[in-house]
Amino acid sequence: MSRSYDCADDEARRDGIADAASTVRKGELVVLPTDTVYGIGADAFSPAAVASLLKAKGRGRDMPPPVLVGSVRAAHALIEDLGGHGQDLIDEFWPGPLTIVCRATPSLSWDLGDTQGTVAVRMPMHPVAIELLKETGPMAVSSANISGQPAATRAEEAAEQLGDSVSVYLDGGLCEGGVPSTIVDLTYAVPRVLRAGAIPIERLRAVCGTVIGEAKPRRRPAPDPEAESEAEPEAGAGEDPAPAAGDGAQGAAGGEPAEAPERGAAAEEERRDGPGPETGESPARRSE
């Protein structure tokens with residue numbers, strides 16, 4: 001049976017953080033608030049726990065979750081190469097709704113899915129999330145919803161979708177952001193936006209100079225109105241499309257939560273799932 005804690009109450013919050021941290025260490029799942037949407041989280045270094053997270057969401061290994069961290073130092077331990085702009089982006093936007101996709105440190109003993117050697121990392125700006133992450137260390141976190149369903153902005157919405165597959169729910173009230181994190185791929189010389197989100201590209205360009213915008217999915221031509229049968233719907237119709245990623249990047253956020261697989265990693269985090277993370281999306285973006 002799941003346990004829920006009202007984090008608006010100081011005592012309940014302390015008890016909830018302690019219970020959630022213990023639960024994560026045991027390889028079970030928790031739901032936590034972020035600055036974008038609610039996330040479903042697991043110990044990033046427990047392959048069994050990450051597999052349980054993907055199963056709870058109805059996703060496969062081709063949609064690996066992003067990783068949330070409680071400090072910049074923790075992020076540096078996960079990332080082999082920040083590229084030429086990674087540190088500047090971290091200094092400007094963390095903690096906050098920016099997920100960066102980088103080459104992962106090769107020696108890490110983890111299995112987030114089909115990441116192709118990359119990791120999507122974010123430091124959220126939410127006191128409950130940060131407090132928990134400082135207790136647990138890095139967590140694999142995807143938006144707290146079933147793939148293809150709306151990302152949860154309240155703990156009750158997450159519980160309606162995920163039920164007893166989650167052991168602990170940390171109720172932080174309404175996630176007022178409600179918009180998924182922006183996902184930027186830093187594995188190229190020029191940063192690329194894999195998913196547009198809370199941070200507009202203009203702000204990224206103010207820091208990095210040149211930033212390649214999110215790839216727009218190709219649209220099929222309108223079916224011939226005189227065709228005898230309806231045209232077959234596009235895969236993932238009705239869900240947010242995911243941009244294509246280049247070679248070698250991890251799959252896809254947020255959380256935080258709606259998610260689009262990034263090139264292998266993705267994100268905290270968060271937004272309405274596409275046919276892929278956070279459901280059948282292209283393995284090119286992710287969700288916090």
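This short talk walks through one predicted protein model, from its overall make-up to a few side chains.

Hi everyone. Residues are numbered from 1 along each chain as its sequence is written, and side-chain values use heavy atoms, with hydrogens and water left out. As the model is predicted, local features need pLDDT of at least 70 and side-chain atom pairs count only at pLDDT 80 or more, while totals for chains, interfaces and linings use all residues.

How far does the predictor trust its residues? pLDDT is its confidence in each residue, from 0 to 100. The protein averages 82, and 75% of the residues score at least 70. Over residues 222–287, though, the pLDDT is below 50, even though this stretch has 362 contacts beyond near neighbours in sequence; contact means heavy atoms within 4.5 Å. Where pLDDT is low, the predicted coordinates should not be read in detail.

Now the overall picture. The protein has 7 helices and 11 strands; these are DSSP runs, H or I of at least four residues for helices and E of at least two for strands, numbered from the N terminus. Of the 288 residues, 55% are buried. Buried means under 20% relative accessible area, exposed means over 50%, and partly exposed is in between, using a 1.4 Å probe and protein chains only.

Let's look inside. A nonpolar core is a set of buried Ala, Val, Leu, Ile, Met, Phe, Trp, Tyr and Cys residues joined through side-chain atoms within 4.5 Å. The largest one holds 49 residues, and those touching the most other members include Val31, Ile40, Trp94 and Trp110. Among the elements that each supply at least two residues are strand E3 (39–43), helix H2 (47–57) and strand E6 (98–104). H2 gives the largest share, 5 residues.

Take Trp94 as an example: leaving aside neighbours within four places in sequence, its contacts include Val69, Ile100 and Met123. There is also a second, separate core of 17 residues, with Cys7 and Met139 among them.

Last stop: how many aromatic pairs does the structure hold? There is 1. Rings of Phe, Tyr and Trp (its six-membered ring) pair if their centres lie within 6.5 Å; planes under 30 degrees apart count as stacked, over 60 as edge-to-face and the rest as tilted. Phe45 and Trp110 have ring centres 5.3 Å apart and planes at 20°, so they are stacked. Phe45 sits in the loop between E3 and H2 and Trp110 in the loop between E6 and E7, so the pair ties together parts 65 residues apart in sequence. Phe45, at 33% relative accessibility, is partly exposed, whereas Trp110, at 17%, is buried.

Note on methods: pLDDT is the predictor's confidence in each residue, from 0 to 100.
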